[in-house]
Amino acid sequence: MRVRWIARSAALWVCMGLGGAVLAADASPGVGEVGAVVAQPKDSGLPQGWDRKGVFIEILVRAYQDSDGDGIGDLNGVTQRLDYLQSLGIRGIWLMPITASQDHDHGYAPVNYRDIEPAYGTLADFDRLVAEAHKRGIGVILDYVINHSGSAHPLFESAASDRKSPYRDWYVFSDTEMKGWTTYGGDPWRANGNDWYYGAFDVIMPDWNLRNPKVVDFHLDNLRFWLNRGVDGFRFDAVGVLYENGPIAWDNQPENHVLMKRAQDLLASYGKRYMVCEAASDPVAFSGEDSCGSAFSFGLQKYIVKSIQMGRVMPDLRYMLRTMPVARMGTILSSHDYYAGARPFKQFGGDETRYKLAAATLLTLPGHPFLYYGEEIGLSHSQPVDYQDQSIRGPMSWSAEANAGFSTAAPFRPVVDNWRTHNVASEEANPDSLLQWYRKLIALRNQHPALQTGDFTLLSQDDDAIFAFTREAESEKLLVLINYSAREASMAVPTGFDTQAWAPVFPETAVLRVAQDVATVGKRAARSSGAQPQIRMAAQSLQVFRAAR
C-alpha cells in the first residue's frame, strides 16, 4: 500500500484522507460540484438486458454533427442524428467526455464534473438528448474520468497554491522530487513551485488521491448526479492507474478493483445500468464481477484484423477467444486512442471486402460490440493534425457537400481524406456499401438471441482459412462461417456434424456446400473410403445457418 511506501520517505507529503472536510458548494467559490447527491433512481423505459443484447457506438461529440454553425459538434447535433442511429440498429451510445474540460478537444482533463463543455451545449440539451434516445430504445453511457482532473480544476488550483487548502489532500504531492518513476507520460512527478504533484498521464492531468475517502465520495456523488438525470451507465477511463504503491507498482494495483466494484454496486442499485472499463494492460481482471464487471477486450481487435490480413485464423485469435471472458467484455475494431489501432479503412488499405469480414467477425462474436463513429461508412483519417490520436478523431462525413455535411462553417479539424466517397448520403444509395453491410449485420444480431447472448463454441483450428464457430441460446443454435482467404477454401466437417440439419440465415440464399455429399454416397461408404466430408466456401465470404429443431 502507498502508506507503507510513504513511511520510507518523510519527504513525501501525501495526506491519507484523515482530515479535510468536504465543503458545501457555496463555501468554495468556483467549486460547484462539491456536495452530496442523494440517489433518485428512475426507470429509463429500456428493456431489461438492453446492454447485453444490442450494439453500441462510441461518439466524439465534437466531431459528430455541428448544429449551430460554429464548426464544433454538439449535443443537439447528436440528437439530430438519433434517427440515423436508430435506422442503423444501434441500441447504445457511448459519449466521449462531455463535461467541461480545459483541453477543449478530447475532454479527458475535466474542470467540472457536473456541467457540460460549453461548446457542446447545456444540461438541458443533454437531458433532451437522453430523453429522445430513450424514446428510440437507445441507452446513453458517459465517459467518466476517475483517475485525474484537469490542472485548471478549481480543486487542484486550490490544492496546488496553498498547502493549507482543504483540498490539498485530494491530490498527491511530494516535498522533494521523486526519482525512478516512469509512467505513460514519462516522469509522472510534475514541478509545482517548491513541491511536486503526481500526474501519470500529463502535466495538465493531476491524479486524484483516491486513498482519501472524501475523494471517493466526491466521485460517487458525481456518478449519482448523472444517473439521476437518466444516464444508463459509464465507460470508466484509465482504471489501471488509480492507485500507486511505488515507482514500479503504479499499474493494476489491487485497490483499483475494490473501487471499481463500489462503482459497479452503485450502478446496480439504479437498475438496468451498464459500465465498462478501459484497462488496456489487464482487461481480463477488470472484467471480473469483483471489479468493473466488464472491460474492453484490448488485443482481440488486433488479431481479428491480423487474421483477415493474413487470410487465416491466427493462433493468437483463437488463444484470446479461449482465455478471455469475451461474453462480458466490450469488443471493438478500433477506438479513439491510436494504441487500439488506426481506423479500419487505413488498416485494410481501403479494401472493403476485408473490411466487411472484420465487421462480420465483430458482430457475430460474443460480447458487447462497440462501433467507433464513422466505422460503418469507412471513415478515414484527418490530416494535418497536432498528434496521432487526432487523426482518428476527424469530423463525421454525412454527405459530399461542403465540409462533408458536418458543419456550415469550417470544421474544428480537417475533414477526413475520403469524405467525398465515404459518406452517409452516398452509401445510403449504394446497396453494396459498407453502411448497408453494417446495417444488415446489426439487424442480424438484433434478430437472433444466439448472436446476442448465446454460448460460443470455436470450431476452427490454428491457421484455418475458415473461421467457424457456433452460437447457441435456449431457442436457437447458429453456425457462423467466415472465409478469410482470398481463395475458395474448405474445412473438415466436424465429427457428428449433420450437414443436412442447417437452414440458411445469412444470406438467405446461402448453401452449405459439402465436397463429398454423405447423404448421397452413404455414411458407411464414406467411412470405408476414408474420405472426410469438406465444407467449401467462396473466397472472403460470410455464411450463417440455423440448426433445425
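Analyst: Let's start with a pair of residues: E58 has W94 of strand β2 as its bridge partner. This is a predicted model, so please read everything here as a description of a prediction.

Now look at β2 itself, which covers residues 92-95. Side chains in a regular strand alternate between the two faces of the sheet. In β2, G92 and W94 point one way, while I93 and L95 point the other way. Whichever way they point, all of these residues are buried.

β2 also pairs with strand β5 (residues 139-145): the two run parallel, and four bridges join them. Here you can pick out L95, which stands opposite L142 in β5.

From the strands, let's move to the helices. Helix α8 (residues 213-228) and helix α9 (residues 254-270) have axes that come within 11 Å and cross at roughly 30°. Angles under 35 degrees count as roughly parallel, and that is why α8 is described as roughly parallel to α9. Their crossing is right-handed. On the α8 side, the contact is made by V216, D217, L220, L223, R224, L227 and N228. The α9 side brings L259, R262, A263, L266, L267 and Y270. Sorted by class, this contact of α8 with α9 holds nine nonpolar, one polar and three charged residues.

A second pair to find is helix α14 (residues 352-364) with helix α17 (residues 434-447), whose axes lie 10 Å apart at an angle of about 20°. These two helices are therefore roughly parallel to each other, and α14 passes α17 in a right-handed crossing. Among the residues making the contact are Y355, A359 and L363 of α14, along with W437, Y438 and L441 of α17. By class, the contact of α14 with α17 has ten nonpolar, one polar and three charged residues.

α11 passes α12 in a left-handed crossing. If you zoom in, you will see L300, Y303, I304 and S307 in α11 meeting D316, L317, M320 and L321 in α12. The residues of this contact divide into six nonpolar, one polar and one charged.

Terms used. Residues are numbered from 1 along each chain as its sequence is written. This is a predicted model: local features need pLDDT of at least 70, side-chain atom pairs count only at pLDDT 80 or more; totals for chains, interfaces and linings use all residues. Side-chain values use heavy atoms; hydrogens and water are left out. Axes are lines fitted to C-alpha atoms, for helices over the stretch in contact, and angles run from 0 to 180 degrees between N-to-C directions. Angles under 35 degrees count as roughly parallel, over 145 as roughly antiparallel, 65 to 115 as roughly perpendicular and the rest as oblique. A crossing is left-handed if the near helix is turned anticlockwise from the far one by less than a right angle, and right-handed if clockwise. Contact means heavy atoms within 4.5 Å. Ala, Val, Leu, Ile, Met, Phe, Trp, Tyr, Cys and Pro count as nonpolar, Asp, Glu, Lys and Arg as charged, and the others, Gly among them, as polar. Buried means under 20% relative accessible area, exposed over 50%, partly exposed in between (1.4 Å probe, protein chains only). Two strands pair if DSSP finds at least two bridges between them.
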